Amino acid sequence: MKKQLGFLVDTEKCIGCFTCAMACKNVYHQQKGIVWRQVHPMGESIYPHHERAWLSLACNHCENPVCLEQCPVKAYTKREDGIVVHDQDACIGCGNCVRSCPYGAPRMNPVEKRAEKCSMCWQRIDAGLDPACVHSCPVGALSITDISTARLDGWVQYPAGYPESKRLNPSTRFKAPRQPREVRRNDA
C-alpha cells in the first residue's frame, strides 16, 4: 500500500465538545448548514450505557474514493500522501459525489451551488502543521497517521453502525470506548 494518511478517532477520549468541528468551520468559513467535520453521539443500541460516547467524522480520504470516480470534470484528485482534494473552482455542482459517498463527506453548498468537503487541511500538513481539527482537540482524541505503516492494534476501521465499504477502503480508524463494568449494588 502506498502512503495513506488517515484520521485516528479515539472515542475513548472524545468528550463531544465539538471543538474539532468549530475549528474546521473557523478555518474554512463554510456556509450556514455546511459542516465538514461532524460529531455524532453513539446511540444506546451501539453503546448501551449511560455514559456518552461520540464519533468525530469527516472525509475518510479513502484509498479508492468514489467521489473521484464519479466526478465528470475531475474536480477531485488524490495526492501522493493519500489526501483526497476537491477543487471547488472546477466543480460544476452535478452532485454525483454527494450522492455516491456512503459516508456523506461531500456536501452541496447551496450558495455556491458546488460541492465541498474536508481537505484534511493539506495546506497545514504541507507546512508541517496538524489539521485544524487535530490541533484544536483539547483531549487528544483526534490525530493523523500514515495507516500504511502505523501499528494500529486496538483500532478498527468499521465501528458499530458505520457503513462498511471494503472497495472504498476508508482511511479513518477508530478506537472504541471501553465498556464500563456493571456496578453492583448492595440491596441489603
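Gly6 has its bridge partner in β8, and that partner is Thr145. The strands in question are DSSP runs (E, at least two residues), and helices are runs of H or I of at least four residues, both numbered from the N terminus. Strand β1, residues 5-10, is joined to β8 by 5 bridges, and the two run antiparallel. As a reminder, strands of a sheet pair through backbone hydrogen bonds, in either a parallel or an antiparallel sense.

Before I continue, two notes on the basis of these values. This is a predicted model, in which local features need pLDDT of at least 70 and side-chain atom pairs count only at pLDDT 80 or more, while totals for chains, interfaces and linings use all residues. Residues are numbered from 1 along each chain as its sequence is written, and side-chain values use heavy atoms, with hydrogens and water left out.

Which strands form the open sheet, and in what order? The sheet has 3 strands in the order β8-β1-β9, with mixed pairing; two strands count as paired if DSSP finds at least two bridges between them. At the edges are β8 (142-146) and β9 (173-175), each of which pairs on one side only. From one strand to the next the twist averages 25°, where axes are lines fitted to C-alpha atoms, for helices over the stretch in contact, and angles run from 0 to 180 degrees between N-to-C directions.

I turn to backbone angles. Phe18 is not a glycine, yet its phi is positive, at about 70°. Phe18 sits in the loop between β1 and α1 (19-28). Its relative accessibility is 35%, so Phe18 counts as partly exposed; on this scale buried means under 20% relative accessible area, exposed over 50%, and partly exposed in between, with a 1.4 Å probe and protein chains only. Lys113, also a residue other than glycine, has a positive phi near 60°. Lys113 lies in the loop between β6 (107-109) and β7 (114-116). With a relative accessibility of 58%, Lys113 counts as exposed.

Next, the cysteines. How many disulfides does the model contain? The count is 0, a disulfide being a pair of cysteine sulfur atoms within 2.5 Å. For Cys20, the closest cysteine sulfur is that of Cys14, at 6.4 Å, which is too far for a bond. Cys71 is likewise in no disulfide, since the nearest cysteine sulfur, in Cys94, is 6.0 Å away. Cys20 is buried at 8% relative accessible area, and Cys71 is buried at 14%.

Finally, charged pairs. Side chains of opposite charge can pair when their charged atoms come close. The whole structure holds 7 salt bridges, each defined as a side-chain nitrogen of Lys or Arg within 4 Å of a carboxyl oxygen of Asp or Glu. One of them links Asp81 to Arg79, with the closest N and O atoms 2.7 Å apart. Is Asp81 buried or exposed? Asp81 counts as buried, at 10% relative accessibility, whereas Arg79 is partly exposed, at 21% relative accessible area.

Another salt bridge joins the side chains of Arg151 and Asp153, at 2.7 Å from N to O, and both residues are exposed. Glu164 and Lys166 also meet through their side chains, at 3.1 Å from N to O. Glu164 is exposed at 53% relative accessibility, and Lys166 is exposed at 61%.
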